[in-house]
Amino acid sequence: MLAHPAHWIAQGFGSGLSPIMPGTAGTLFAWLSYAVLSARWPHVFTAPNWLAIIVAGFVIGIWACHRTGRALNSPDDGSMVWDEIIAFWLVLVLVTPASFKVQLAAFVVFRFFDMVKPPPIAWFDRRFKGGFGVMWDDIVAAFYTLLAFALWRTYA
């Protein structure tokens, strides 16, 4: 992980090195970092600033995941969790402020869509390769999560 800054980013500052469910560990890291940064510096970590961070993080993630995938000889290695981090930050910035229970529900729903990969997520996963492919399928999982929450809030 420390061989190159791209690996440090792609592997979620070490969260992707979890021996058990690295994608879930990366998503938990995203949740914790979002909560801590937003609580500690609320005037800096505003919704518009988070969105700018997410866009920049997506672009950086394309590079970092591509480089790390090549170095590991595994284009979508399980240890690369930057895609989960960026995608779950997107979910959180659009569902918060919310209670712990709502954030937990967002976590569970996001992980469901990320693991199950319903259409067209699986199609994107097969079609797009390299860093963009790694990053994009999780953005689609975030979209599905946000759609589920929009429907839930509309009909609940």
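Which residues form one aromatic cluster?

**View 1. An aromatic cluster in a predicted model.** Trp8, Phe13, Phe29, Tyr34, Trp41, Phe45, Trp50, Trp82 and Trp89 form one aromatic cluster. The model is predicted, with local features needing pLDDT of at least 70 and side-chain atom pairs pLDDT 80 or more, while totals for chains, interfaces and linings use all residues. Residues are numbered from 1 along each chain as its sequence is written, and side-chain values use heavy atoms, without hydrogens and water.

**View 2. The ring pair of Phe112 and Phe113.** Rings of Phe, Tyr and Trp (its six-membered ring) pair if their centres lie within 6.5 Å; planes under 30 degrees apart are stacked, over 60 edge-to-face, and the rest tilted. This rule gives 24 aromatic pairs. In one of them, Phe112 and Phe113 have ring centres 5.3 Å apart and planes at 65°, so the pair is edge-to-face. Phe112 is partly exposed, because its relative accessibility is 45%. Phe113, at 14%, is buried (buried: under 20% relative accessible area; exposed: over 50%; partly exposed: in between; 1.4 Å probe, protein chains only).

**View 3. The largest pocket.** Its volume, the space filled by probe spheres set on grid points joined across faces, edges and corners, is about 170 Å³. A pocket is an open set of points on a 1 Å grid over the protein atoms alone where a 1.4 Å probe fits, with protein on both sides within 12 Å along at least five of seven lines; lining residues have an atom within 4 Å of a point. Of the 15 lining residues, Gly23, Gly78, Asp83, Glu84 and Asp114 are the closest to the pocket centre.
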